[in-house]
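These are my notebook entries on one structure.

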Amino acid sequence: MAKDRLSWEEYFMKLAKTVARRGTCDRAYVGCVLVNEENRIVSTGYNGSIKGNPHCDEVGHTMRDGHCIATIHAEMNAILYCAKEGIATKNTICYVTHFPCLNCTKSLIQAGIKKIYYETAYRMDEYAVELLERNNISFEKIEISEDK
């Protein structure tokens, strides 16, 4: 392998970070890439409003209990695209810039994700970790060098 060639993990995490830049909720720019067993991208998602609705960066946040409720999380956007288009998510790998929240963790488990790579350990919910462990879904923090 060429010395400058990215590993699959580096490649997909860099893509997730690029996808995050499409986000429209400035509370957190999160990107998600779902990849199948052949290292092919199945779907991407970023934090943003429901299609056709105003974005947080245009009209501000709709806050409830300390959360912006207008935003659909990156992981959910990636899963929902697959649901809409009839694309299987079973046995895919999730590359996400931030550790998934509890609701996204539950959705990823239900969608059949087999592994999660994340870069930022943002608000890691203890129950989310317990659910991943209970369901034998591995999760790994990876840091990507900007040099490559």
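Which element gives the largest share of the lining of the second largest pocket? I found that H3 does, with four residues.

**Entry 1: second largest pocket**

I note at the outset that I am working with a predicted model. The second largest pocket holds about 400 Å³ of space. I counted 15 lining residues for this pocket, and Ser49, Ile50, Lys51, Ile72 and Asn77 are those nearest its centre. Besides H3, strand E2 (41–46) and strand E3 (48–49) each give two or more residues to this lining. By residue class, I recorded five nonpolar, seven polar and three charged residues in the lining of the second largest pocket.

**Entry 2: largest pocket**

I then turned to the largest pocket, for which the volume is about 670 Å³. Its lining comprises 25 residues, and Asn47, His67, Cys68, His73 and Cys101 lie nearest the centre. I listed the elements that contribute two or more residues to this lining: strand E5 (67–68), strand E6 (71–72), helix H3 (74–85) and helix H4 (102–111). The lining of the largest pocket divides into 14 nonpolar, seven polar and four charged residues.

**Entry 3: cysteines**

How many disulfides does a search of the whole structure find? My search returned zero. I checked Cys82, which is in no disulfide: the nearest cysteine sulfur belongs to Cys32 and is 9.2 Å away. Cys82 counts as buried because its relative accessibility is 1%. I also checked Cys104, where the nearest cysteine sulfur, that of Cys101, is 3.7 Å away. The cut-off for a disulfide is 2.5 Å between the sulfur atoms, so Cys104 is in no disulfide. With a relative accessible area of 2%, Cys104 is buried as well.

**Entry 4: aromatic pairs**

I counted seven aromatic pairs. One of them joins Phe12 and Tyr95, with 5.1 Å centre to centre and 40° between the planes, and is classed as tilted. Where in the chain do Phe12 and Tyr95 lie? I placed Phe12 in helix H1 (residues 8–20) and Tyr95 in strand E7 (residues 93–98); the two are 83 residues apart, and the pair links distant parts of the chain. Phe12 and Tyr95 are both buried.

I next examined Phe99 and Tyr118, where the ring centres are 5.1 Å apart and the planes stand at 85°. Planes over 60 degrees apart count as edge-to-face, so I classed this pair accordingly. Phe99 sits in the loop between E7 and H4, whereas Tyr118 belongs to strand E8 (residues 115–120), so the pair ties together parts 19 residues apart in sequence. Phe99 counts as buried at 3% relative accessibility, and Tyr118 is buried with a relative accessible area of 6%.

Which residues do ring pairs link into a cluster? I listed Trp8, Tyr11, Phe12, Tyr95 and Tyr117.

**Entry 5: annotated domain**

Finally, I consulted the UniProt record, an unreviewed entry, which annotates residues 7–135 as "domain: CMP/dCMP-type deaminase". In the model, the end C-alpha atoms of residues 7–135 lie 27 Å apart. I recorded this span as 37% helix and 24% strand.

Definitions and conventions. Residues are numbered from 1 along each chain as its sequence is written. This is a predicted model: local features need pLDDT of at least 70, side-chain atom pairs count only at pLDDT 80 or more; totals for chains, interfaces and linings use all residues. Side-chain values use heavy atoms; hydrogens and water are left out. UniProt positions are given in the numbering used here, feature names are shortened, and annotations may be inferred rather than shown by experiment. Buried means under 20% relative accessible area, exposed over 50%, partly exposed in between (1.4 Å probe, protein chains only). On a 1 Å grid over the protein atoms alone, a cavity is a set of points where a 1.4 Å probe fits but cannot get out, and a pocket is an open set with protein on both sides within 12 Å along at least five of seven lines; lining residues have an atom within 4 Å of a point. Grid points are joined across faces, edges and corners, and a volume is the space filled by probe spheres set on the points. Ala, Val, Leu, Ile, Met, Phe, Trp, Tyr, Cys and Pro count as nonpolar, Asp, Glu, Lys and Arg as charged, and the others, Gly among them, as polar. Rings of Phe, Tyr and Trp (its six-membered ring) pair if their centres lie within 6.5 Å; planes under 30 degrees apart count as stacked, over 60 as edge-to-face and the rest as tilted.
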